[in-house]
Amino acid sequence: MTTTELARIPFFPPDLFEGDREVLLHLLRESGTSASQRFILGEQTALLERELAEQLGAADVVACGSGTAALTLVLAAMEIGPGDEVVVPAFGCAPLASSVLSVGARPVFADVDPWTMVVDPAAMEQRIGPRTKALMPAHLFSVMADMPAIVALAERYGLRLLEDSAVAQGGVLAGRPAGLWGEAGVYSFVQVKTFGMPGEGGVVVTRDPELGRLARMLRNHGQDGKSRFRHHRIGWNSRFDEVQAAFQRHRLPGLAGRLARRAEIAAYYTERFAPLAERGVLPPPPGTEGRCYYVYTLLAERRDALRDHLAGRGIASHAYYPQALPRQPAFAPLVRPGETWPAADRVAERALSIPVYPHLTDSQTERIADAVCDFPFS
């Protein structure tokens, strides 16, 4: 069979939830015809929150509309607002900056580690100033940030610590789950994440019951869930869907197996790609400690050429974040004179993610690795 005759391997599979189709249809009908007629924030949402909290050892889990919304709710619950600054990574997704701006505060961008692509704690410390109120590190692609160092930094300067763990559900560092290193963390449930679902959604996870209580109030227009139409704070409409909650409860027992398959594929890739470092393609650091294989990302000197090479072999890839956040038109006006982010700029030019989802077969995984290794590096 020729290369052109091989089935295309998508970056994310279109049949991600095919095996759960009947369950999802059943849950949709069950929710729509139930006597309670609670389509949001009902019993299923409460049960999902409780089950996740028990699994994680968290004080509280608060389901909301998205991972971005979860960041905003925690920032507001921490009473971060106008006049405050939050140190965030210079490389990553827009909500790292936009969530800070949405509560009236200012994001300050710190450079990242040139290999792991997560924020550099030393660079974070350089950006701490008299207006800094919080640190917001983010786990990225397949690597958790250096949370022990960042926790120590927050304690040294008396700062709040919010962990953007949106992509890192299932990651564990030094025995502690991603999301529970700071005062609070977040997970995203958008379909491409490790615990994705067919729609938007996310959760706040926290060790602080008071932060959980405030986030729960803020997600529902500032109501406390006891007195309807009594608004204690200005909040948001960020409520969780009951059908999705029931579906996530159905899929939760299988999460560990799916995570293990992602890690297995990633380990195979890293072993195959380790010799390529001298030829301009660098895989993530090996090992499982602090790993969260949402996507598997290479650093390639000829990133676009590698992407085109893989496409020619019928393999889809994705270049996330081709510009550092402070280079984006929306955030560039926030930059102070003299600030630079050389590692973030370099990473933005080189990062290329390849498929790592648990649906991949061994033969597909081998085919992807072969294609990367066959890339003409010179």
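Analyst: Buried means under 20% relative accessible area; exposed means over 50%, and partly exposed lies in between (1.4 Å probe, protein chains only). This is a predicted model in which local features need pLDDT of at least 70 and side-chain atom pairs count only at pLDDT 80 or more, while totals for chains, interfaces and linings use all residues. Residues are numbered from 1 along each chain as its sequence is written, and side-chain values use heavy atoms, with hydrogens and water left out.

User: Why does Asp 164 count as buried?

Analyst: Its relative accessibility is 5%, and the cut-off is under 20%, so Asp 164 counts as buried. Asp 164 is found in the loop between β5 and β6 (172–173). Helices (H or I, at least four residues) and strands (E, at least two) are DSSP runs, numbered from the N terminus.

User: What is Asp 164 in contact with, leaving aside its neighbours within four places in sequence?

Analyst: Contact means heavy atoms within 4.5 Å. By that test Asp 164 is in contact with Leu 71, Cys 93, Leu 96, Pro 137, Ala 138, His 139 and Val 186, leaving aside neighbours within four places in sequence. The side chain of Asp 164 also reaches the backbone nitrogen of Ala 166 at 3.1 Å.

User: What makes the link between the side chains of Ser 353 and Thr 297 a polar contact?

Analyst: A polar contact is a pair of N or O atoms within 3.5 Å; within protein, one must be able to donate a hydrogen and the other to accept it, and residues adjacent in sequence count only if both atoms are side-chain atoms. The side chains of Ser 353 and Thr 297 are joined at 2.7 Å, so the distance is within 3.5 Å. Ser 353 lies in strand β12 (residues 351–354). With a relative accessible area of 1%, Ser 353 is buried. Beyond four places in sequence, Ser 353 touches residues including Phe 11, Phe 141 and Tyr 320.

User: Is Arg 219 buried or exposed?

Analyst: Arg 219 is buried: its relative accessible area is 6%. Arg 219 is found in the loop between α7 (209–218) and α8 (242–251). Among the residues it touches, not counting those up to four places away, are Glu 49, Trp 236 and Arg 239.

User: How do you know that β8 and β9 pair?

Analyst: Two strands pair if DSSP finds at least two bridges between them. β8 and β9 share 5 bridges in the antiparallel sense, so they pass. Gly 185 stands opposite Val 205 in β9. Strand β5 (residues 160–163) also pairs with β8, in the parallel sense over 2 bridges. There Leu 162 stands opposite Ala 184.

User: What makes β9 mostly covered?

Analyst: In β9, 5 of its 5 residues are buried. Gly 202, Val 204 and Thr 206 point one way, Val 203 and Val 205 the other way.

User: Which residues touch the most other members of the largest nonpolar core?

Analyst: A nonpolar core is a set of buried Ala, Val, Leu, Ile, Met, Phe, Trp, Tyr and Cys residues joined through side-chain atoms within 4.5 Å. The largest has 79 residues, and Phe 91 and Leu 135 touch the most other members. Helix α3 (residues 67–77) gives the most to this core, with 7 residues. A second, separate core of 26 residues includes Ile 265, Val 281, Ile 368 and Ala 369.

User: How do you know that helix α12 is close to its expected span?

Analyst: The expected span is 1.5 Å times one less than the number of residues. Helix α12 (residues 362–373) has 12 residues and reaches 16 Å from first C-alpha to last, close to the 16 Å expected. Its buried residues include Thr 365, Arg 367 and Ile 368. The buried residues of α12 pack against α9 (255–273), β11 (296–300), α10 (303–312) and β12.
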